[in-house]
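Q: Could you take me through one part of this model in detail? I would like a close look at the place where the two chains meet.

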Amino acid sequence: MKKYLSIYLALVRINYTNLFAHRANLFNSIIASFVWSIFVISSMTLLTSKSSHIFGWQRNELLLVAGVYNVIYSIFYILFARNFEEFSFRVHLGTLDGVLLKPISSQFFMSNWLISLHQVVRFSIGLGFVLYMLHVMHITITPYVVLLFIFLTIFSVMIIYSLWFLIMTLTVWQSHLRNLVELLYSINGITRYPQEMYKRVSVVFFWIVLPLTLVIITPTKLLAGTITAVDVILLAITALILFTLSHFFWKFALRFYVSAN
Amino acid sequence: MRYVRIFLLNFQRTLRYRSLSFVWFLCALVDVGIIIFFWNGATSGKTIGGWNFSELLTYYLFALTAGQLLISHIEYDVATLHIQQGGLAAFLLKPFSYIRMQCMGEIPWRLLNGYFAIIAVFLFSFITHIQLKTIPFSFALLLAIVTVVLGFTIAFFYKMVIGLFAFWIIEIRGLFEALEVVTVILFGNLMPISLLPHWLMNIAYMSPFPYVIYFPVLAFEGKLSALNLFQIISVQIIWISVLFFVYKNLWLRGVKKFSAVGQ
């Protein structure tokens, strides 16, 4: 554990240096991060502009969902997303060989090598918007809620990470699917809306997307004061199951890895 | 004839990478699917801004098809592979027009993605027994097809123009992402333009973007009269002329600035 912590700290330092080594790239990344965070909020604003209640949720609550979405996904983007963008290339070009030869966990390497510190912009915008919406909705937050929100955020990020890892592991068999990660970015959109929306379409579909619908909605329910113990337990159990599954699936998939041949 | 040959070669390449194309289509399908689910609950039996759920469903399914069929994605290749990494040098040495080559390279991708979208729309209609309201076979249908062709041309020139910005801007990704967000809203992908707030609707109508997806989709839904369609076609032609003029200027200036080295 201590070894991994020191490696991770070294990675943070390297990524931080890289960030400022390419300033034009940093400026661009900040613009992109800013624009997408605004898009998430503005698209929800536009979609809800014609109705005050949707799926039993008030407009302000749905806007709060958009804010929480930015907060949680920005954490995921900071920590993991760029690694998944490289995932299929590592498998396709055979550079995964080098990863497997290193005396550290290959899952750790594949998930943590690149850190997108510029996504802090998105995190700040998301957090600012959440605080603004809480003010608009006259909701007071206690230290206990903040602490629980942090725990729920950790579980949510675990779910997103595990699902992305599970799906990207498929590139061990189909390494040319380099745009699979783009599909995952699109699937993220599922988490931006209440669970009731999917229940209404079909029960089967609802159960398929259930893990995703927990990611943003459960922490939002906490802030809105509508959360139950079942919600928390469901989120935690789903996160732990998916994380374990992602680990074993990766181990299984590596048996089929054939390098660049 | 030589461009037809280039088109056919590109078509073969596109078929070789059909699974990539299918994943791109799935991305669009997921985006549209989520919004359809949203409207399913938001409308729940009532109309919003004059649109009921059935009309919105038809709109989004047609917009999905139009997006796949009409919107080029050449800007990244033009900006990064050709201008920044120097691949343009090889094109300049060939006895072909660069823009026509790009067009012949892009059309096969649009056709394949459009094919996936059309199949998906038919499957959806067949499974759910939902009758999609479309324009009857008439003179207006002919005009609607013209708006589609012109819509593709607008999108193509627009993407070409923003790709050429790479002659002057080294790191262009941020600009592309910013423009992508703007166009998702102004193309009418997020929601029909008429449902946007008034100020945003006015901005959209002053831009070329609604003429790429929004109006062609309305045309195919049969929501526009022949007279409306003539007006739209006229505006589309004006936008194509403007974008072509901008493209030509940027290209002539940019090529003079371009340099590539190799060993």
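A: Happy to! The contact (heavy atoms within 4.5 Å) takes 35 residues from chain A and 35 residues from chain B. A word on the ground rules: this is a predicted model, in which local features need pLDDT of at least 70 and side-chain atom pairs count only at pLDDT 80 or more, while totals for chains, interfaces and linings use all residues. Residues are numbered from 1 along each chain as its sequence is written, chains are lettered from A and ligands numbered from 1 in the order in which they are written, and side-chain values use heavy atoms, with hydrogens and water left out.

Now the surface itself. About 3200 Å² is buried between chain A and chain B, and carbon and sulfur atoms give 74% of that; buried area here is the accessible area (1.4 Å probe) that two parts lose on being put together, summed over both. On the chain A side, A:Leu46, A:Leu47 and A:Lys50 lose the most area to chain B, together 20% of what that side buries.

Which elements supply this side? Two or more residues each come from helix H2 (23–47), helix H8 (180–187) and helix H9 (195–201) of chain A, where helices are DSSP runs (H or I, at least four residues) numbered from the N terminus. H2(A) gives the most, with 12 residues. By type, the chain A side divides into 20 nonpolar, 11 polar and 4 charged residues, with Ala, Val, Leu, Ile, Met, Phe, Trp, Tyr, Cys and Pro counted as nonpolar, Asp, Glu, Lys and Arg as charged, and the others, Gly among them, as polar.

As for salt bridges (a side-chain nitrogen of Lys or Arg within 4 Å of a carboxyl oxygen of Asp or Glu), the count between chain A and chain B is 0.
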